[in-house]
Amino acid sequence: MTGSLLLQSLILGVLLGGLYALLAAGLTLYFGVMRVVMIAHAAFLVLAAYLAWFANSRLGIDPLLTLVVTVPLFFGIGVLMQRLLIKRLRPATLTMMSVLLTFAIALFIEGLVGFVWGGTQRRIQLSYSSASIEIFGARIAVVKLIAFGLAALSLLALYLLMKHTRFGQALRATIQHPEAAQLVGIKTEGVAGLGFGLGLATAALGGTALSLDATIYPSLHWHWIGPLMAIIVVGGLGSIPGAAIAALVLGVGQSLLQVPLGTTWAQTIFYVALFVTLMVRPQGFFGGRLAQRF
Amino acid sequence: MPNASSTLAAPERAATAATPTDRSRRRKIATVVALIVAAVVVGIFPAAAPNAYILSAGVVILSYACTATSWNFMGGFTGYISLGHAAWFGLGAYGTGILVRDLGLPSFVAWALAGVVVAIITVPIGIAALRVRGASFVIVSIAFVLILLLVFQGWGSFTGGSNGLVVPRPFPDLMRPVHHQVFFYLFAALLAAMLVLWWAINRSRFGIGLKAIREDEDKAEALGIPTRNYKLVAYIISATFTGLAGGMYALWFGDLDPIFQFSILLGSYMVLMALLGGIRHLLGPLVGAIIVGIGLEVFKLQFGDTQFHLVATGLLLALVVLFMPDGIIPALQAGIKRFGPQSSSIREMTAGELAERNRAAGVSGASVFAGRKAEREGVENEDATTPTEEEKR
């Protein structure tokens, strides 16, 4: 492996890890506010990518502009989903049943996407699709940089929202201890709904970023949900920094392994990491109290 | 099978309606009649099927019933919901195929050996996966299917990769319809073996331990149940039977593709069928498999190869989870009970009536509460512990 190839894989890994981190942060939000493992997260990701592709190929709009519609739309869907579906489940079996429910939603979306747009592979063609820049001999596609920039900006916005606003404080309090949060006057039900919406909004952002340089097809979401689930378990369920670190480490790992092993085998790093985590530290490497029982 | 209401209500009803021996005899007769009817239906279905398509649909539905029932060894007893049981199905199928192809073993020897291989593989996987509970367990089970899908697609030289693996037919000189017929009976026999084992475990100490884990794992552990070993044994039984069903499918269908064998969809069908029928009931997965299996075949005929069956599966699963998480069988039982004689609660009697009834039964008021009356009348007292736990959910 030459130096420039190594550098290129490293950079690509970081770029990919950024997207993983954003999506894993969304998953962590759902889990934090509702103790829900949202299997449909990646299905919404693919849905957003399809919407971006549709807007670009049929309406001639730049995929990045679809964010103006998809982010509020997905936020709304998230809030409604929490209000109308998740809250109906019995608290005693919430975690298990919510997995099944969101799994059902994932199947539903996959079927719907395939039904409306067909099962063939789609790809966005942009004027700047083939443009790339060279850093020390490593060629990096511009669209990958844009996708990473979008993911990084969203993560930064999410961080600022969580740390420096009153809503963010309420959200973090709800995640840490719902009863105590209620005692100090936080309307945890409403906050949980908004947190769910926020999580789904990350799927809209991630999907648009994904659509820029990936070939999409309806069953693509299974290739995303596996690694994302592995990331949040390795990072420790409920820990956003843990998820971000695990995402970057595993994203770089995947990218580096792709060179000697090929794409198929490189993906197994997520599952290997998952099983190693379970054997060594079932609560995850960065997880706190939250992760113990789930 | 004993369920919550029948055993709990027994002491009260004994005085007012029939005696327990009467009831148990009636139940026994009903069971025998049901068994005979089931045997006759299975026996004449292949002959009565109008064409080979209906017969092959019957085989598919029976294979679904096998997978859903074997899933229920884990899901029903311990409450650990695995969305990744397709992994064991695929391992059993590929194991059988590869053993026949590479070692030239007779088909059914390879099939049994594949079951043993699956059981051995389950041990380390089970130890790892059962270290976590609830949602994490589901994640791990999904991850396991995805990893096997990658491996079986990537390792083309051994598994045939995306080109698929052709499994030699065990009876090469049989015509297609006769072939279906033979496998219909083979699947039925496998299903019967599973049902008998499920029934036996359900009545055993082991089964009670597993159900205690389902209701409250920490308390079960505190009571001295070796939770990890119990869960592991249940997991191995469940995985092995799923593998055997997969191997049987491989011998019947003859052509394997990683996309279909290691598909999350297959695992989700198992969960859907078991939940729809009722995971606490012996026949729940079978009932669910018949409903979902017929539904899937109808969908395939109506809509062809579109993605529409995914929408339907998703909708049905969501509806079951939201509105009928206990399944059809309990819902039906509750409906039937509404029309039958109402069991009277002790609070609905006046003190005088109660004293009279107790005098007639020859016990004092105090001993009723100590549970001695139940013992004297030969009501299975052991059973009374599980139903109350079952009711909690």
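User: Which helices of chain B have axes that come within 8 Å, and at what angle do they cross?

Analyst: Helix H3 (residues 52-78) and helix H11 (residues 227-253) of chain B have axes that come within 8 Å and cross at roughly 170°. That makes H3(B) roughly antiparallel to H11(B), a label for angles over 145 degrees. Axes are lines fitted to C-alpha atoms over the stretch in contact, with angles from 0 to 180 degrees between N-to-C directions. Helices here are DSSP runs (H or I, at least four residues) numbered from the N terminus. This is a predicted model, where local features need pLDDT of at least 70, side-chain atom pairs need 80 or more, and totals for chains, interfaces and linings use all residues. Residues are numbered from 1 along each chain, chains are lettered from A in the order written, and side-chain values use heavy atoms, without hydrogens and water.

User: Which residues make the contact between these two helices?

Analyst: Contact means heavy atoms within 4.5 Å. Among them are Trp71(B) and Phe73(B) of H3(B), and Tyr235(B) and Phe241(B) of H11(B). By class, this contact has 12 nonpolar, 6 polar and 1 charged residues.

User: How much area do chain A and chain B bury between them?

Analyst: The size of an interface is often given as the accessible area lost when the parts come together. Buried area uses a 1.4 Å probe and is summed over both parts. Here the two chains bury about 4,100 Å², 82% of it on carbon and sulfur atoms. In chain A, Met96(A), Leu100(A) and Phe275(A) lose the most area to chain B, together 15% of what that side buries. The contact takes 40 residues from chain A and 46 residues from chain B.

User: How many salt bridges cross the interface?

Analyst: A salt bridge puts a side-chain nitrogen of Lys or Arg within 4 Å of a carboxyl oxygen of Asp or Glu. The rule finds 1 across this interface: Arg90(A) meets Asp326(B) at 3.7 Å, N to O. Over all chains, the count comes to 11 salt bridges.

Key: Parallel < 35°, antiparallel > 145°, perpendicular 65-115°, else oblique. Nonpolar A, V, L, I, M, F, W, Y, C, P; charged D, E, K, R; others polar.
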